[in-house]
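Thanks for making time this morning.

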Amino acid sequence: MAKGVRDVIRRAAKGSSWSHFMDYASPALFEVMPLRALLAQGKEFVSNGSDARRYANVREAIASALRARGLEVELGPQDDHAERLSLPSLPEPVRRETGHRILEIYFTQIFAGRDTILDLRPDSFFATQGSALRWGPKAFYVQWQDDFLEGLRDLYAGFYLDDEPRFESGLAQLGLQDSGDALVSHLGSGDQRSVRFETSAFHSSFHDTFLACRDRGVALHRNFLALGIYLVCLYDVLESLDLAFDVRGAFERTCGQS
């Protein structure tokens, strides 16, 4: 059944600017998310990717939010002729700074507005002459639905601000009341000051989360498809940097008062 659903989504994505992002989605998603919800999210991706003017407005709003937080990130159109960064070959201090900046992009997008560009893959980052990180993602973004975004923000803020009631509220809003242990593992163990990112471990923890939902008969929100892809893109780029990162610090610098 899950394979059949995945094939339907792949056919819907065929030829689109986001079709290859389907490889980033957890197979377990297709076992627990209703087909109608998956298709609705896929339809949104297609619509978003086909409207260049709307994407330019989204990109500028996010660039403004990054600047407002003092992040040295140049967000612009994808340039196929620009020199992509070879992240693994960068000196260690540069890799560390790059990873922290990407984590700040991740959190800023979730807390700054309703739109989030999901493309954090390694080849969306380009060489630049100054100290700013140049980010040229594909037109692959989501406009979070209000109920999901509120739950996601409460989940992260509750976790990183050590606010247990808010964390539990976020879990409840996302329908994950009894899946907290599996979900927390993707946020990092200990105090999250030195977290290594491994895509295989993330797939395992998210898979466990979704299977727990399936076993409880929970139908996941359509935005989980976007969140899963966003997180795997994050894990992919941070794993390529081959260092441990201060995730809690990145949250505190960008969203600590949220």
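Predicted model: local features only at pLDDT ≥ 70, side-chain atom pairs only at ≥ 80, totals over all residues.

H9 and H10 are roughly antiparallel to each other, a label that applies to angles over 145 degrees, whereas those under 35 count as roughly parallel, 65 to 115 as roughly perpendicular and the rest as oblique. Residues are numbered from 1 along each chain as its sequence is written, and side-chain values use heavy atoms, with hydrogens and water left out.

Helix H9 spans residues 199–215 and helix H10 spans residues 223–241, where helices are DSSP runs of H or I with at least four residues, strands are runs of E with at least two, and both are numbered from the N terminus. The two helices pack at an angle of about 160 degrees with their axes 9 Å apart, the axes being lines fitted to C-alpha atoms over the stretch in contact and the angles running from 0 to 180 degrees between N-to-C directions. On the H9 side, the residues that meet H10 are Thr-199, Phe-202, His-203, Phe-206 and Phe-210, and their partners in H10 include Phe-224, Leu-227, Leu-231 and Tyr-235, with contact meaning heavy atoms within 4.5 Å. By class, this contact has eight nonpolar, three polar and two charged residues, where Ala, Val, Leu, Ile, Met, Phe, Trp, Tyr, Cys and Pro count as nonpolar, Asp, Glu, Lys and Arg as charged, and the others, Gly among them, as polar.

What about the core? The largest nonpolar core has 75 residues, and those with the most contacts inside it are Tyr-106, Tyr-156, Leu-220 and Phe-224. Helix H10 gives the most to this core, with 14 residues. By a nonpolar core I mean a set of buried Ala, Val, Leu, Ile, Met, Phe, Trp, Tyr and Cys residues joined through side-chain atoms within 4.5 Å, and buried means under 20% relative accessible area, exposed over 50% and partly exposed in between, with a 1.4 Å probe and protein chains only. Leaving aside neighbours within four places in sequence, Tyr-106 is in contact with Leu-120, Tyr-156, Leu-227, Tyr-230, Leu-231 and Leu-234.

Further along H10 there is Ser-240, which is partly exposed, with a relative accessible area of 22%.

The axes of H6 and helix H7 (residues 164–173) come within 7 Å and cross at roughly 150 degrees, which makes H6 roughly antiparallel to H7. The residues of this contact divide into five nonpolar, five polar and six charged. One of those in H6 is Asp-154, which counts as buried at 12% relative accessibility, and which, apart from neighbours within four places in sequence, is in contact with Arg-166, Phe-167, Ser-169, Gly-170 and Gln-173.
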